[in-house]
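Subject: Structure handover

Hello,

Please find the structure below. My notes on what was found in it follow.

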Amino acid sequence: MVQSKVFDTIILGAGWSGCIAARELTSRGHSVLVLEARDRIGGRARTWIKSVNSLSASDDPNATAERRGDDDIKVDLGCSWIHGYNEGNPAREIARQLNVTRDSDQQATHLPKTVTSLIYGPDGPLSSTQVASLSKSLSRAQVSFKTPYPPPPPSVSLASALFAPDSPLFNISSNCTDSSSINREVSTGFARTLEIPLGLKLEQASLRWSGWESTTSFSGSDAAPEGGYEALVIKVLDQAQGKGAEVKLRSIVNGINRKDNEAVTVTTQDGEKFEGKTVICTIPLGVLKTAQASFFNPPLSGQMQQTIAGTHVGVLEKLLLHYLFAWWPDASTTGSYIFLPTTTTLPTASSTLEEIFAASTLVCANFFCPHLPHPSPTLLTYLSETPATLLLHHPAEAVAKAYHAFLVSRFKPLSPTPPEPSDWAMTTWLTDEFSRGATTTPSVVSESGERSPLDFKELGRPVWGGRLGFAGEHTEMEHRGSVAGAIISGEREAARVRRLLAMEMK
């Protein structure tokens, strides 16, 4: 069925970039249709919400906000922080404008209080001196390998430099009087924490481009939006709908076509056809990689197709366990726990769940620590590529149960016996048909230098005389892999489309 209306712009995807583009275009009076494949708004912004039973403060004056029913528990399972909050991240101003809060006297975002982290080595928690020494050595190694000059061959990985015998990573004894428990395996395991923000194994990351984007990306102070990121994205699209934007959920696009100088036609799996003067495609790169060759007609250029195929999409999953009370050590003062491997045997597809956890570096955020408002007895663990890929082959309930047993074995609580989690959740961004991964990663190793930050520039280039544009974190060279990149790309494409449409009206 072909819709008779021709929209100024059809936007594919209702994640951050799509919602921003819709808001910008409708604010200038343009007609916009947003087609979203999921049954919800937000894309990779997803907030886990736990409804709580009401309990008055008079019933228990020491009850937490959770138990009193003052607020549901909200934990972001996708994007979760406004990185560079005080350094110019555009998400800050959006949060301020929309005031994503319940009460008028609350701030739209929260800067966390400074708290400590505990690192568990193979033999138990490390001392504060050992933790400081590990952190200092890793920082020195990162600085020494940042955009190295002269540049190494493109096939050289970050791992080859970090784990070299003379790497600053292993120079522990010079800055630690208590280095007896810190061997090469402990330092290596700690360095693997970098695989979480990078989204890939250190052996895949290009040394040539190591730290390249750190000069322009937003970093420094982090803040959490009140109510979670998903609510913030929904508010953005609400503004666009208030200005006339039409939104269709469960609309899976299977083709984008343009003949000669005609309008662009977008076809969905259920047979609907929509026409627009322009189209902004915000489909995640991982999904574009799986698209049929006929998805774009006329086809994209060979260079564009090669860039889509070669640019790497990372893996990052999150595993959440919620309890009736916080049973883990130092729950009210420790913001996170880092578990280093207890074995050097690499996990494989045949490994048990226990073996996967034992061989992995795991970072666990403690939401009971009052460094943010509304503390709750919830642990959120970040899973890098190796454990995430293996764990996704197992039932999520079995993973949660095995991870609880792992936590008990590493924390070694004295008494009483810790309760089983009352709720749990595990993301599946890698296998999700509408994401096929987390976000893009820094440039990966390549034999002839074919991979570089310019890939992200290429992915953002419009085609078909400007009628088809691309937005999303994967299209922003300076801010790839971030909410900021998604926002900036949405603003960029909206401005470009406005100029194109304005030229036609002259």
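**Aromatic pairs and backbone notes**

Y229 is buried, at a relative accessible area of 0% (buried means under 20% relative accessible area, exposed over 50%, partly exposed in between, with a 1.4 Å probe and protein chains only). This is a predicted model, in which local features need pLDDT of at least 70, side-chain atom pairs count only at pLDDT 80 or more, and totals for chains, interfaces and linings use all residues. Residues are numbered from 1 along each chain as its sequence is written, and side-chain values use heavy atoms, with hydrogens and water left out.

There are 16 aromatic pairs in the structure. Rings of Phe, Tyr and Trp (its six-membered ring) pair if their centres lie within 6.5 Å; planes under 30 degrees apart count as stacked, over 60 as edge-to-face and the rest as tilted. The ring centres of W16 and Y229 are 5.9 Å apart and the planes stand at 90°, so this pair is edge-to-face. It links distant parts of the chain, 213 residues apart: W16 is in helix α1 (residues 16-26) and Y229 in helix α8 (residues 229-242). Helices (H or I, at least four residues) and strands (E, at least two) are DSSP runs, numbered from the N terminus. W16 is buried too, at 6%.

In a further pair, F357 and Y403 have ring centres 5.0 Å apart and planes at 45°, so the pair is tilted. F357 belongs to helix α11 (residues 353-358) and Y403 to helix α13 (residues 396-411), 46 residues apart. F357 is buried, with a relative accessible area of 0%, and Y403 is buried at 1%. Both are part of one aromatic cluster, whose members include Y120, W327 and F411.

R92 sits over Y85, 4.3 Å from the ring centre, and R184 over F170, 4.0 Å from the ring centre.

On the backbone, most residues other than glycine have a negative phi, and most peptide bonds are trans. The bond joining Y149 and P150 is cis, with omega about 0°; P150 lies in the loop between α4 (128-144) and α5 (158-162). The bond from N297 to P298 is also cis, with omega near 10°.

D330 has a positive phi, near 50°, and is partly exposed at 43% relative accessibility. W464 has a positive phi near 55°, but W464 is buried, at 13%.

Regards

Conventions
Lys NZ or Arg CZ within 6 Å of the ring centre and 35° of its normal.
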